[in-house]
Amino acid sequence: MLVRILVGLGLAALVVLVLWFGDWVQCLLFSLVTFMCVYELSTVLHRSGYKSFAAPVYVYALLYYPATLYGGVYWLLILTVLCVLFILMECVWNKDREIRQSFVSLAMLMYPVMLFLFVALTHTLMISDVNRVALLMLFAAPCLSDTFAYFVGVAVGKRKLCPRLSPKKTVEGSVGGLVGGVLAGVLTYYAQMIWIVYEEARIGLIPLMLLGLLCAAVGQFGDLFASSIKRACSIKDFGTILPGHGGMLDRVDSIIVCAPIVFLFFFAVNEKLAAYLDVLP
């Protein structure tokens, strides 16, 4: 537990670093994290007999964020098309390639890479101050949800939530996780005051609490989906790079499924915020 807490604090410090600097630091971090997640998933699937042609997915994992941030959506679309075409053409040219292996490659492109893509899209949607608010919610809601779910589950958990996939998760812990998501919304509401000066440009408390609740719920499904992959591959964790937490994908499995939710929320409020953000210095 001590090791788990210390590593968790280190990861939290890394998030603060990204929130503080943003831009290229955020771009570099997410590119590396995405690459590591693809590596972990590819390795686990390969050991379980699900071989793939992962090279285009690795390249995409490293380039999708800089392509989105510095090249724009047009170059992102070109990169996506090229990645898919390389996978399809390699299947045709390589007589030893089985069709199911190409589908595994396409599946890895969808999970986890395309989910990470929504983080990059959120980054380009608004100015850096509001992007920081979105990024904080993206980390805070799933992480506080996981923390509350764990401790509530240990303290009072009795009824199993989904024993087929995760025997230790309980209904009581899940409810605690939802409370953690709501608190993440409260945290984000007050934290945004650091970056957004004008009160009129800030996002309301209730919308952020509801967003936190939604992210907590969706994040739990993301965690269970990752558990289903691990169970199918007969492993406990995707990796060992984070002592006490497992692999990188173990740590972000609930975060990445929240990325589309956070993006859609801030996309919806973007026009309203833009009218006020234009007057900020």
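Predicted model: local features only at pLDDT ≥ 70, side-chain atom pairs only at ≥ 80, totals over all residues.
User: Let's begin with helices. What span should helix α5 have, and how far apart are its end C-alpha atoms?

Analyst: Helices here are DSSP runs (H or I, at least four residues; strands are E, at least two), numbered from the N terminus. The expected span is 1.5 Å times one less than the number of residues. Helix α5 covers residues 99-125, so its 27 residues should span 39 Å; the end C-alpha atoms are 37 Å apart, which agrees.

User: Where does α5 bend?

Analyst: A bend at a residue is the angle between axes fitted to the seven residues ending there and the seven starting there. In α5 that gives about 40° at V113.

User: How far is S105 from K158 in space?

Analyst: Their C-alpha atoms are 39 Å apart, and 53 residues separate them in sequence. Now take V130 and R202: 72 residues apart in sequence, yet 8.8 Å from C-alpha to C-alpha. V130 sits in helix α6, residues 128-156, and is buried at 1% relative accessible area.

User: On to the surface. Which residues form the nonpolar patch?

Analyst: A patch takes residues with over 30% relative accessible area and no salt bridge; like charges are joined within 9 Å, nonpolar side chains (Val, Leu, Ile, Met, Phe, Trp, Tyr) within 5 Å. Areas come from the Shrake-Rupley method with a 1.4 Å probe, and for residues only the protein chains shown count as cover. Here W24, L28, L32, V59, L62, L63 and Y70 form the patch, with about 720 Å² of accessible area together.

User: Which helix gives the most to the nonpolar patch?

Analyst: That's α3, with four residues. Both α2 (23-47) and α3 (55-71) supply at least two residues each. L63 is placed in α3, and with a relative accessible area of 40% L63 is partly exposed.

User: How many aromatic pairs are there?

Analyst: A pair of aromatic rings is described by the distance of the centres and the angle of the planes. Rings of Phe, Tyr and Trp (its six-membered ring) pair if their centres lie within 6.5 Å; planes under 30 degrees apart are stacked, over 60 edge-to-face, and the rest tilted. The count comes to 12. One of them is F35 with Y58, a tilted pair at 5.0 Å centre to centre and 45° between the planes. F35 belongs to helix α2 and Y58 to helix α3, 23 residues apart, and the pair links distant parts of the chain. F35 is partly exposed at 28% relative accessibility, whereas Y58 is buried at 19%.

User: Why is the pair of F118 and F263 called tilted?

Analyst: Their planes stand at 55°, with ring centres 5.7 Å apart, so the pair is tilted. F118 lies in α5 and F263 in helix α10 (residues 259-277), so the contact ties together parts 145 residues apart in sequence. F118 is partly exposed at 24%, and F263 is buried at 12%.

User: Which residues form one aromatic cluster?

Analyst: F30, Y60, Y64, Y65 and F139 do.

User: Last topic: how many salt bridges does the structure hold?

Analyst: Look for a side-chain nitrogen of Lys or Arg within 4 Å of a carboxyl oxygen of Asp or Glu. There are eight. Among them, R97 meets E90 at 2.9 Å, N to O, and both residues are buried. Another joins D250 to K230, with the closest N and O atoms 2.9 Å apart. D250 is in helix α9 (residues 248-256) and K230 in helix α8 (residues 205-232), so the pair ties together parts 20 residues apart in sequence. D250 and K230 are both buried.

Methods
Residues numbered from 1 in each chain as written. Heavy atoms only, no water. Buried < 20%, exposed > 50% of the residue type's maximum accessible area, 1.4 Å probe, protein only.
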